[in-house]
Amino acid sequence: MGKQPNRHFIVKPSASAQGKGIFITNKFTNVSSLKQSSIVSEYIDNPLLLDGYKFDLRIYVAMTSINPLRLYVYEEGLVRLATVKYSSAIGNLKQNQYTHLTNYSLNKKNAAFQENLDADQDDQGSKQSLTAFRRRLKQMGHDDDLLWSQIEDIIVKTCVSTEHVVNNATEMFVPYKSANCFELLGFDILIDQNLKPWLLEVNLSPALACDSPLDQKIKANCLSDLLSLAGVVKME
């Protein structure tokens, strides 16, 4: 921050959710004075936009084994859009939070939030499907397959980076090798104007609440696949 005084950084409490406690700053004193554990990341100020709005992707990943590492990426997901058109000017984040933050739990409180009322119209509203987004990329002439492979690369490398921690915890708390242990992860990915994906954060036990028909369709199918992967069977 000292070397790049014009660059902004986004600060997030390390154990929070729903956009609580997030702020953007270019002053180191705002970071050094924090009394809680936080994560500081360089703010990506050239995001790819959809109809002028900033957005991020929620990618669902199932981890069914840590040793050996086994991951499954759900092919469907969610696109969460901000509810005020993007401007690179930061200003007061409290006033411009609907421009710079893509958290659904925050943007749904804005009067400009557009509900999705039909799961088959998955390219409408402030929350859309990953399928609709990939379809739109192809229509724009972008290499959708290349982007998806880069996102998968981020997912694999992120999980590998924590493999030793998770493996040690599994050996300590899951003593039986035959035990069925799995985790659903929610990866939040931002795409910039150069079509480069950036990891924003990884959510443990991502929200599966369904506030719309599109939520119901995507999350219910994801959960069904997860239970099948984990070998959970219906008891007669």
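Visitor: How many bridges join strand 1 (residues 9–13) to strand 2?

Guide: This is a predicted model, in which local features need pLDDT of at least 70 and side-chain atom pairs count only at pLDDT 80 or more, while totals for chains, interfaces and linings use all residues. Residues are numbered from 1 along each chain as its sequence is written, and side-chain values use heavy atoms, with hydrogens and water left out. Strands (E, at least two residues) and helices (H or I, at least four) are DSSP runs numbered from the N terminus, and two strands pair if DSSP finds at least two bridges between them. Strand 1 and strand 2 run antiparallel, and the number of bridges that join them is three.

Visitor: What is the order of the strands in the open sheet of three strands?

Guide: The pairing in this open sheet is antiparallel. Strand 2 (23–25) and strand 3 (38–42) each pair on one side only, as edge strands do.

Visitor: Is L195 buried or exposed?

Guide: L195 lies in the loop between strand 8 (183–191) and strand 9 (197–204), and its phi is positive, near 65°, although L195 is a residue other than glycine. Buried means under 20% relative accessible area, exposed over 50%, and partly exposed in between (1.4 Å probe, protein chains only). L195 has a relative accessibility of 14%, so it counts as buried.

Visitor: And is D51 buried or exposed?

Guide: D51 sits in the loop between strand 4 (49–50) and strand 5, and D51 has a positive phi of about 55° without being a glycine. Its relative accessibility is 51%, so D51 counts as exposed.

Visitor: Which strands do the buried residues of helix 7 pack against?

Guide: The buried residues of helix 7 (residues 213–229) are L214, D215, I218, K219, C222 and L226. They cover an arc of only 95° around the axis (the arc of the directions from the helix axis to the C-beta atoms), which puts them on the same side of helix 7. Counting contact as heavy atoms within 4.5 Å, these residues pack against strand 5, strand 6, strand 7 (127–129) and strand 8.

Conventions
Expected span 1.5 Å × (residues − 1).
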